Amino acid sequence: MPGVKDSEVVLKVEHLKKYFPMGKHAVLKAVDDVSFEMKRGETLGIVGESGCGKTTCGRTVIGLYDKTDGTVLYKGKDVHAMKGNERKAFTKEVQMIFQDPYASLDPRLKVNQIVGEGMRIHKMYSSNAEIQDRVFELLDQVGLNREHASRYVHEFSGGQRQRIGIARALALDPEFILCDEPISALDVSIQAQIINLLIRLQQERGLTYLFIAHDLSMVKHISDRVGVMYLGTMVEMTTSEELYTNPAHPYTKALLSAIPIPDPKVEHERQRIMLSGDVPSPINPAPGCRFKGRCPYASAKCSQETPVLHEIAPKHYVACHLY
Amino acid sequence: MEQLLKVENLRVSYHSYAGEVQSVRGVSFEVNKGETVAVVGESGCGKSVTSKAIMGLIQCPPGEIKEGSHIYFENQDLLSFQEKQWEKYRGAECSMIFQDALTSLNPTMNIGNQIIENITNHKNVTKLEAKKEAIRLLELVGIPEPAARIKQYPHELSGGMRQRVMIAIALACNPKLLIADEPTTALDVTIQAQIIDLIKQLQQKLGTSVILITHDLGVVADIAHRIVVMYSGKVVEQGSSEDIFYRPKHPYTWALLKAVPRLDLQNKQQLVSIEGMPPDLITPPVGCPFAERCPHTMKICQTTPPPTYHFEDGHEASCWLHHPQCRKENLPFVAGGGQECQE
C-alpha cells in the first residue's frame, strides 16, 4: 500500500478492522479495512468528522483496543500478539497525548508523580534523585518550570496541562507518539504554542507522530502525509501539499471547502461545496461507497461496489469510482 | 443606520472565595439594525458574560453589574428593567443560541413543544396555530420532514440538527436581536459551515441583528460586518471586518490573525504564537492587560492603561503604540494617525 521503503517503516497497518457489537443484529463498524504505513520521523495526519473512526483507529493501532481483523506491525512485530517483556518494551516506545487535558491527568497526583510514573514503572533510573532531575529537565523542555513539579493539576490552565501531558509522553524517550486531537480543547492563541512545541520536539528527537485531528489547517501544517477518513474507511491519502492543492475525493473537496479562511474578501468570493445532511450511522452500513448518500457525483456503481484505495498519481491514493 | 443596542461602560464582577473576579471591565460597543457584530476573544475574556448581561442572565449574587454600566436597547436602559419587563424582552425582543445544544434543550420535552412554549408565552395564539408556526420554523432552519420531526426528542437528533432546533426556538417570536454564543464550537467543520451559512441567510431574510460570539476569527470572516476584539474583560480593538482583517491596529489582534495556520503557509514552519497566558482577573494588571504577552511592550504599558485611539469608520484600538511620541519601528502593522480619546 502507500509506498515507502521497507527498511524505514516503523508502523505497518494492513486491513485493520475494529467492530463493536451493538446488541444482537447490529455491528458498529468503527474502522473498516484501513491500511497505511509510516516511516521513521514522519508525521501522518488523520482527519475526518467526529464519529468517522479516527480515534478508534489510532487506539487500535497502538494496542489500546483489540482488533477485530487485520494486522498492525510495529517494527515488524505484531502489536496485538505481544506479551511480557516485548509488550512492556512496546509500551515504552509508544506513547500517547490525549485530547482532553482536564480528564487525562490524575487530579490526586502532583506533576512530579504524573511525569515520573512511567519512569518508575519501567525502572529507567536507579534512584529517585535521578528521576527528579529528569522530571525537571522534561518540564523545562515543554516550557514549564521547576516549581510546577510540586503542584497539582487543578492549578494549571488548559495549555499548561497539555504541556504536562506532553512531558509525561516524552518521559519514556518514546519513538512514536499518538497525538489524539491534542489542541482541539485549547484556545487559538495557545494552540500555536503547542503546535510549535510538537514541531520542535520532533526536529530535536526524530519522533514519529500519528496526528489525529479534525482541524484541517492545523493537520496540513504539521503533517508530511494526510489520510482522510469517512465512516471507518480511508477515502484518500497523500502528501499534505498534494492533498490541499489537488484533492481528488469529493469528500476531501467538501472538507477543504468548509475550512473557514480568515480573510473576508476570499470568503465572500469563494464557492463553497456544501455537504447536505450529517454523517450517517456506522451501525450496519449499506454496501458500496460509504459516502454515496452525501456525494454529488454518486452513481449506480457506488451503491453496488465498494471502492478501494488505489494510486491515481505518485503517492496519491483515492478510494472513489470517479478515478 | 439605526442603532439597536448600545453597551456603555459595562462592568461585571463575580464574587468568589478567592476574591472579586472582574470579568468585564468597561466594555462599550454598538449594534445597528440588521447588522452582524462578532465578539472575538479567548476563553475567560468576558465575551460570554457580556452577552449574558445583554440577556439579563447574570445571577446576582455571585455576579454583580457595577454602577455606571448601561445597556440601551432601542433607547431603553435594560439594567433598570424589572423582572416582568425582562420576561417580555427575553425571547421576544432578543434571544440567544447557546454553545452546547444538548444541554441547553430540555431532554424531557419534544422539540415541537419547546418551540411552541416560546410562541405561546409571548403571543396570543392557539396551540394549533403555534404548532403550525413551529413546523414552519423547523422548515425555515432546514430540518427535513418538519411535521414528523416535531415529535422527536433532542437525544434523537444529531449535533447539527440540535443547533438548528435551537435557532428555530430563538427565532420563534421574530426577535430584533439574536445572540449566538459560540454556536459552532461543538460541531464539525462541515456542519459548522452549514450553521454559519444558515445564520447568514436568516439574517438577510429576516433583517435580524446578530451578535456572534466566538474564539475563532476564521469563522466570522464571511458573516460579520463589524468585529469587536476582547481581551481580559476589555475591548482592545473594534472596527469593520475589513479593518480588523486587513488593517489590525492592536498587537493582540495581529497575533490572533497570525496564530491560525493558513493553507498557503510553508509546512512545519513555526507559527506566530502568543506566549504566556491571559492575566488573572482577580488582580487585573494596572496598565495594559496585554503588556505581559506583547512583543512590543514599553515601560508605559506596565503602568498606565492605554487610551483609545479612533481611526476612520469607527475603527478604534487601545494601544500605546499609536501615541504620537511612540517610536514606530519594527512594527508588523501601521501605527499612529488616530485621534486620542481618554476616558
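Two strands are said to pair if DSSP finds at least two bridges between them. Strands (E, at least two residues) and helices (H or I, at least four) are DSSP runs, numbered from the N terminus.

**View 1. Strands β8 and β9 of chain B run parallel to each other.** Five bridges join strand β8 (residues 177-181) to strand β9 (residues 209-214) in chain B. The structure is a predicted model, in which local features need pLDDT of at least 70, side-chain atom pairs count only at pLDDT 80 or more, and totals for chains, interfaces and linings use all residues. Residues are numbered from 1 along each chain as its sequence is written, while chains are lettered from A and ligands numbered from 1 in the order in which they are written.

**View 2. Chain B holds an open sheet of nine strands.** The order of the strands is β7-β8-β9-β3-β10-β11-β13-β12-β14, and their pairing is mixed. At the edges stand β7 (94-97) and β14 (339-341) of chain B; each has a single partner strand, so one side of each is left without a neighbour in the sheet. On average, neighbouring strands of this sheet are turned by 20° against each other, direction ignored. For such angles, axes are lines fitted to C-alpha atoms, for helices over the stretch in contact, and the angles run from 0 to 180 degrees between N-to-C directions.

**View 3. Chain A holds an open sheet of eight strands.** Contact between two residues requires their C-beta atoms, placed from the backbone, to lie within 7 Å.

**View 4. Strands β10 and β12 of chain A run antiparallel.** Strand β10 (residues 233-239) is joined to strand β12 (residues 316-318) of chain A by two bridges. The bridge partner of A:M237 in β12(A) is A:Y317.

**View 5. Chain A and chain B meet in a contact.** The contact takes 37 residues from chain A and 40 residues from chain B. On the side of chain A that touches chain B, α6(A) gives the most, with eight residues.
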